[in-house]
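Dear colleague,

I am handing over the structure we spoke about, and my notes on what was found in it follow below. Please read them with the coordinates open beside you.

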Amino acid sequence: MEKKMVDQAEKLRLMVKEKSTKPKRDNSAKSENPENPDKPEEKKSKTRVITISSGKGGVGKTNLAINLAIAYAQIGKKVVLFDADLGLANVNIILGIIPEFTLVNLIKNKKSMKEILIDTKFGISFIAGASGFSKIANLEDDDRERFIAEMHELSFADIIIIDTGAGISNNVLGFIAAADEAIIVTTPEPTAITDAYGTIKIVTTELVDSKIAIKLIVNRVKSVTEAKKVAQRVVSIVGQFLNTKVDYLGYVYEDPVIQNAVIKQKPFIVTDPKSKASICLKHIVSRLENIEFQEGSGVGNFLKKMMSKKG
């Protein structure tokens, strides 16, 4: 039984690798090089996959994921927001969207990726209802191949932002391990700081083969000083006890605009783009792009790592 699982995993990895490396024909993409007019244009940067996670619930992780996605779209990026919270998939609530189809419909072979992908009025695309994602581990080979092919439809995106569940479940760790970067969200509350450290500890000890870049956002701060103290505490402890680097991306102010936007079921960066919280998010995107930028590994690599995890 164990050998069969290993064989299936190896077969799946080879299948993903083949799909991710096989070039797509595009006769419309021609080079301007007069010496070789039939040469395709140079391939664009690969899709960058970012997970947004937290050690505990209630720190504003989902709200940040949504508004971060929109902030990216506002600078011209093609963004897909993926709701991967298996317990409380609620991105659609803040977006004010009632999805007709979810990821479950795709997994059950009822709908295609194009049919479940929702284009929002906020300039981002959205995949709803990640509950059921864990069933992928039990799919038959043919169903897995179809799922992988459908996921490759997301290769058009510059950025895929994955809102994971809170905590350190196997599902959360699976998404973190497969992504290019993991942004851990905390607040100044002692329990949130402790849980953020705990999450980073699990990631660095359990995912030893992963080259995931870990970054930190401090949410709901009252001052720059408070944010810096929290960030320095986390970065220092992680460096000292885990010998791991954590990049501090910035902070988001405690802002009444955020709660008002949630009540209206609209992202705060849309309801009040000049609010303190919105400006903070824009600075974080600027830092991600201009200071901490790294080319993503692409959807194919994300799938390969995701599928190599045992269910």
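Helix 7, which runs over residues 170–178, is mostly covered, with 7 of its 9 residues buried; these are Val-172, Leu-173, Gly-174, Phe-175, Ile-176, Ala-177 and Ala-178. Please bear in mind throughout that this is a predicted model.

Helix 2 is mostly covered as well, since 13 of its 13 residues are buried. Its length can be checked against expectation: at 1.5 Å a residue, the 13 residues of this helix (residues 61–73) should span 18 Å, and the C-alpha atoms at its ends lie 19 Å apart, which agrees.

The side chain of Asn-219 comes to 2.8 Å from the backbone oxygen of Val-59. Beyond its neighbours within four places in sequence, Asn-219 is in contact with Val-59, Gly-60, Leu-64, Val-185, Thr-186, Thr-187, Pro-188 and Val-252.

As for the whole, the protein has 13 helices and 8 strands, and buried residues make up 48% of its 311 residues. Of the contacts with a separation of 6 or more, 79% are between residues 24 or more positions apart. The accessible surface comes to about 16,000 Å², and carbon and sulfur atoms account for 50% of that area.

With best regards

Note on methods:
Residues numbered from 1 in each chain as written. Predicted model: local features only at pLDDT ≥ 70, side-chain atom pairs only at ≥ 80, totals over all residues. Heavy atoms only, no water. Polar contact = N/O pair within 3.5 Å; in protein donor to acceptor, adjacent residues only side chain to side chain. Contact = heavy atoms within 4.5 Å. Helix = DSSP H or I, 4+ residues; strand = E, 2+ residues; numbered from the N terminus. Expected span 1.5 Å × (residues − 1). Buried < 20%, exposed > 50% of the residue type's maximum accessible area, 1.4 Å probe, protein only. Areas by Shrake-Rupley, 256 points an atom, 1.4 Å probe, with all protein chains shown as cover.
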